[in-house]
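Subject: Structure handover

Hi,

Here is the structure for you to look through. My notes on it follow below.

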Amino acid sequence: MTAPGYQAREGRTYTLVVTLADGIEYRSAPSIMPASSPAVAEIRIQGDTRATLSSNDLIENVEGASVIATIDKGADRHFYQWDITHYYIYQADLAPQELRQCYVKDFDATRVELLQDNPLGAGEAERYDYEIDFIPVSARMRFEFGVEARLLTMNEEDYNFWLKVKRLAESSGGLFDAAPFSLEGNITNTNTGALALGHFAVYRESFDREFFVLGELGFPSRTFNPCTLPPMAELPHPCTDCREFLAQENYGVVRPQFWRN
């Protein structure tokens with residue numbers, strides 16, 4: 001990740017160089033910012049019910065939040081990826097009031113959401129909707145729930161790399177399982193010429209963030225099971241102090257400025 005506030009510039013080429021303490025150097029292929037696209041991150045969230053296959057091989061209806069991205073088409077082909085982040089309030093039901101609710105962030109690093117958007121054809125609409133996420137109703141929606149969609153516009157070669165990553169995750173069950181095929185990035189060991197496992201690229205970025213509560217999805221309110229303390233549990237515990245709850249990021253009891261008012 002680049003430093004806060006850093007931005008790539010039009011027409012410039014960028015290369016990543018990593019030098020280890022023992023002098024071994026890794027260098028990426030040069031990357032240039034992709035051409036601008038008409039699409040920007042713009043999402044809306046609506047309630048939906050899906051028929052899914054349960055663990056007992058039975059069809060059941062699942063209520064959830066459908067996250068819809070709006071895509072503007074253009075005269076050229078464009079390649080997109082979404083990074084999707086969830087925000088919610090975790091409640092430690094056995095905690096004192098001042099340690100009861102924490103604001104947390106959850107990001108699934110194993111998920112790859114891609115779209116190849118073809119040029120606008122004759123008679124086609126200039127704008128269309130595309131579902132990028134479906135979030136089943138769960139205890140995480142007990143209070144406010146937020147979705148952040150970060151839209152990355154990329155070059156075709158970067159898209160093809162992430163398409164292989166996506167196929168790897170789907171075929172093996174996860175990004176970190178044994179790969180059924182070779183996944184080649186664009187970073188090499190300059191001492192040996194061997195490929196490293198990694199990929200460097202320059203993207204265009206925009207994002208949108210929306211919050212909702214269950215009632216706004218058209219679903220009735222419901223009761224979720226409170227947090228309970230298991231026997232012989234060590235204290236402090238996530239049920240007694242919300243700051244102990246493990247998430248990708250736990251902001252603690254102070255509401256972040258970006259959170260919905």
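H78 has D117 as its bridge partner in strand 9. Strand 7 (78–91) and strand 9 (113–117) run antiparallel and are joined by five bridges. Helices (H or I, at least four residues) and strands (E, at least two) are DSSP runs, numbered from the N terminus. Two strands pair if DSSP finds at least two bridges between them.

This is a predicted model: local features need pLDDT of at least 70, side-chain atom pairs count only at pLDDT 80 or more, and totals for chains, interfaces and linings use all residues. Residues are numbered from 1 along each chain as its sequence is written, and side-chain values use heavy atoms, with hydrogens and water left out.

**D117**

D117 is in strand 9. At 1% relative accessibility, D117 counts as buried. Buried means under 20% relative accessible area, exposed means over 50%, and partly exposed lies in between (1.4 Å probe, protein chains only). The D117 side chain makes a polar contact with the side chain of Y128, at 2.6 Å. A polar contact is a pair of N or O atoms within 3.5 Å; within protein, one must be able to donate a hydrogen and the other to accept it, and residues adjacent in sequence count only if both atoms are side-chain atoms. Leaving aside neighbours within four places in sequence, the contacts of D117 include D72, R77, H78 and Y80. Contact means heavy atoms within 4.5 Å.

**Strand 7**

How many residues of strand 7 are buried? The count is 14 of the 14, so strand 7 is largely enclosed by the rest of the structure. H78, Y80, W82, I84, H86, Y88 and Y90 point one way. F79, Q81, D83, T85, Y87, I89 and Q91 point the other way.

Strand 7 and strand 11 pair in the antiparallel sense over 10 bridges. There, F79 stands opposite M154. Seven bridges join strand 7 to strand 8, also antiparallel. T85 has F107 as its bridge partner in strand 8.

**Cores**

The largest nonpolar core has 35 residues. W82, I132, M141 and V147 have the most contacts inside it. Strands 6, 7, 8, 10 and 11 each supply at least two residues of this core. Strand 7 gives the most, with five. A nonpolar core here is a set of buried Ala, Val, Leu, Ile, Met, Phe, Trp, Tyr and Cys residues joined through side-chain atoms within 4.5 Å.

I132 is in contact with I43, V67, A69, W82, I84, R111, E113 and A149, leaving aside neighbours within four places in sequence. Another core, of 11 residues, lies apart from the largest one. F79, F161, V165 and L183 are among its members.

**Salt bridges**

The whole structure has 18 salt bridges. A salt bridge is a side-chain nitrogen of Lys or Arg within 4 Å of a carboxyl oxygen of Asp or Glu.

D106 pairs with R140, the closest N and O atoms being 2.6 Å apart. D106 is in strand 8 and R140 in the loop between strand 10 and strand 11, 34 residues apart. D106 is partly exposed at 23% relative accessibility, and R140 is partly exposed at 35%.

R111 forms a salt bridge with D133, with closest N and O atoms 2.6 Å apart. R111 lies in the loop between strand 8 and strand 9 and D133 in strand 10, so the pair ties together parts that are 22 residues apart in sequence. D133 is buried, at 4%. R111 also meets E113 in a salt bridge, at 3.3 Å, N to O. E113 is buried, at 12%, while R111 is partly exposed, at 31%.

An open sheet of three strands has the order 2-3-12, with antiparallel pairing. Strand 2 (17–19) and strand 12 (187–189) stand at the edges with a single partner strand each, so one side of each is left without a neighbour in the sheet. Three bridges join strand 2 to strand 3 (residues 25–28). T19 has E25 as its bridge partner in strand 3.

**Whole chain**

The chain has one helix and 14 strands. Of its 261 residues, 39% count as buried. The C-alpha trace spans about 60 × 55 × 45 Å along its principal axes.

Best wishes
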